[in-house]
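Trainee: I have not looked at this structure before. Please show me how to read it, one feature after another.

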Amino acid sequence: MPTLEYVRSEIDRMRAQIGRQRKEILQLQRAGIGTASAEALLARMQAKVDQLVAQRDEMKKANPPETKKRVLGGRKW
């Protein structure tokens, strides 16, 4: 089972990849080249990110939040 950190890094990596893909699609559209297959790939990638986000949220619910250790008299922010 993947760790929470792995899922977070995978989400970040895929979001960056989606951004690059969108830029490439815009370039293809400006050049007048069909982008249907690229847009379908983009939709699949976005669905995968949505799935990973849901998985991350479930993992966050399952793990109790860590208590922050404070020094006596320390700041509370």
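Trainee: Among contacts between residues at least 6 apart in sequence, what share join residues at least 24 apart?
Mentor: In the protein chain of this predicted model, 71% of those contacts join residues at least 24 apart.

Trainee: How many helices and strands does the protein chain have?
Mentor: There are two helices and zero strands. H1 covers residues 4-31, and H2 covers residues 36-62.

Trainee: At what angle do the axes of H1 and H2 cross?
Mentor: The general idea is to compare the N-to-C directions of the two axes, and an angle over 145 degrees counts as roughly antiparallel. Here the axes come within 10 Å and cross at roughly 160°, so H1 and H2 are roughly antiparallel to each other. Their crossing is left-handed.

Trainee: Is methionine 45 buried or exposed?
Mentor: The cut-off to apply is a relative accessible area under 20% for a buried residue. Methionine 45 has 9% relative accessibility, so this residue counts as buried. Methionine 45 is placed in helix H2. Beyond residues up to four places away in sequence, methionine 45 touches Met14, Gln17 and Ile18.

Trainee: Is glutamine 21 buried or exposed?
Mentor: The reading goes by the same cut-off, under 20%. Glutamine 21 has a relative accessible area of 15%, so glutamine 21 is buried. This residue is found in helix H1. Once residues up to four places away in sequence are set aside, glutamine 21 touches Ala38, Leu41 and Leu42.

Trainee: How much of the protein chain do buried residues make up?
Mentor: They account for 22% of the 77 residues. As for the surface, the protein chain exposes about 6,600 Å², and carbon and sulfur atoms supply 55% of that area.

Trainee: Which residues is arginine 56 in contact with, leaving aside its neighbours within four places in sequence?
Mentor: Arginine 56 is in contact with Leu4, Val7, Arg8 and Ile11. Arginine 56 itself lies in helix H2.

Trainee: With which side chain does the side chain of arginine 56 make a polar contact?
Mentor: The partner is the side chain of aspartate 57, at 3.3 Å.

Methods
Residues are numbered from 1 along each chain as its sequence is written. This is a predicted model: local features need pLDDT of at least 70, side-chain atom pairs count only at pLDDT 80 or more; totals for chains, interfaces and linings use all residues. Side-chain values use heavy atoms; hydrogens and water are left out. Helices (H or I, at least four residues) and strands (E, at least two) are DSSP runs, numbered from the N terminus. A polar contact is a pair of N or O atoms within 3.5 Å; within protein, one must be able to donate a hydrogen and the other to accept it, and residues adjacent in sequence count only if both atoms are side-chain atoms. Contact means heavy atoms within 4.5 Å. Buried means under 20% relative accessible area, exposed over 50%, partly exposed in between (1.4 Å probe, protein chains only). Accessible areas come from the Shrake-Rupley method with a 1.4 Å probe; for residues, only the protein chains shown count as cover. Axes are lines fitted to C-alpha atoms, for helices over the stretch in contact, and angles run from 0 to 180 degrees between N-to-C directions. Angles under 35 degrees count as roughly parallel, over 145 as roughly antiparallel, 65 to 115 as roughly perpendicular and the rest as oblique. A crossing is left-handed if the near helix is turned anticlockwise from the far one by less than a right angle, and right-handed if clockwise.
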